Amino acid sequence: AETLHARDQITKTSRVAPTLLVVAVVAAVGLAGVIGLALNNSITRNVVRLTETAGELQTGNLNVRAQIDSADELGQLADSFNAMASYINVLVDTLEQRVEERTADLTESNVQLERANEELAREIGERMRAEQERERLLIAEREQAQRQAALFRLSAELAAALDETEV
């Protein structure tokens with residue numbers, strides 16, 4: 001009787017075992033699907049965030065940072081991305097500062113050049129006026145010399161004429 005009872009138990013168990021096995025496999029597949037979907041959503045969400053952040057940086061927003069808090073490869077990528085964005089921001093700020101300094105230097109140089117040009121123009125004007133005055137004086141001197149030469153010739157002719165009349 002005990003053997004029969006054991007056989008009945010074995011038969012019942014062997015009928016229930018495939019059903020339990022199917023239920024366990026379905027549950028395992030379902031659990032694996034849920035875990036895979038959760039991981040996929042997490043990865044996809046982080047990739048989307050990183051892509052959006054990269055788009056913001058590309059449009060010129062140098063203060064944007066990737067907000068991904070994970071220790072996996074995407075978290076490391078986000079940290080590297082943030083470090084790169086910070087470095088670019090520092091470079092741009094430094095460049096803008098240098099451009100402002102160079103612009104101020106160039107503005108000062110232009111002011112000095114304008115002053116030098118004004119001084120040169122003033123000196124050139126004075127020299128031109130002096131040259132014109134020298135030319136005027138030379139012409140006046142030439143005319144005076146011609147008058148004196150004419151008077152000398154006239155006085156020589158008068159002296160010769162007086163000498164002849166006295167003789």
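## Basis of the model

Helices (H or I, at least four residues) are DSSP runs, numbered from the N terminus. The structure is a predicted model, in which local features need pLDDT of at least 70 and side-chain atom pairs count only at pLDDT 80 or more, while totals for chains, interfaces and linings use all residues. Side-chain values use heavy atoms, with hydrogens and water left out, and residues are numbered from 1 along each chain as its sequence is written.

Helix H1 covers residues 2–58, 57 residues in total. Its first and last C-alpha atoms are 81 Å apart, close to the expected 84 Å; the expected span is 1.5 Å times one less than the number of residues. H1 bends by about 25° at Val16, with Pro18 following within four residues. The bend is the angle between axes fitted to the seven residues ending at a position and the seven starting there. Just after H1, Gly60 adopts a positive phi of about 110°.

Helix H2 spans residues 73–166. At the start of H2, a side-chain oxygen of Asp72 lies within 3.2 Å of the backbone nitrogen of Leu74. Between Ser14 and Phe152, 138 residues apart along the chain, the C-alpha separation is 160 Å.

## Buried residues and the nonpolar core

Residues are classed as buried under 20% relative accessible area, exposed over 50%, and partly exposed in between (1.4 Å probe, protein chains only). In H1 the buried residues are Asn46, Leu50, Thr53 and Leu57, and they pack against H2. The buried residues of H2 include Leu74, Phe81 and Gly125, and H1 is part of what covers the buried residues of H2.

The largest nonpolar core has nine residues, among them Leu50, Leu57, Ile68 and Phe81. Such a core is a set of buried Ala, Val, Leu, Ile, Met, Phe, Trp, Tyr and Cys residues joined through side-chain atoms within 4.5 Å. H1 and H2 are the elements that give two or more residues to this core, and H2 gives the most, with three. Ile68 touches Asn46, Arg49, Leu50, Leu74, Gly75 and Ala78, not counting residues up to four places away in sequence; contact means heavy atoms within 4.5 Å.

Asn82 is buried, at 15% relative accessible area. Leaving out residues up to four places away in sequence, Asn82 touches Arg65 and Ala66.

Asn89, also in helix H2, counts as buried at 13% relative accessibility. Its side chain forms a polar contact of 3.1 Å with that of Asn63. A polar contact is a pair of N or O atoms within 3.5 Å; within protein, one must be able to donate a hydrogen and the other to accept it, and residues adjacent in sequence count only if both atoms are side-chain atoms.

## Salt bridges

The structure holds four salt bridges, each a side-chain nitrogen of Lys or Arg within 4 Å of a carboxyl oxygen of Asp or Glu. Glu119 pairs with Arg122 at 2.5 Å, N to O. Arg134 meets Glu131 at 2.9 Å.

Glu133 and Arg136 form a salt bridge of 2.4 Å, and both lie in H2, three residues apart, about one turn of the helix. Salt bridges that share partners join Glu131, Arg134 and Glu135 into one network.
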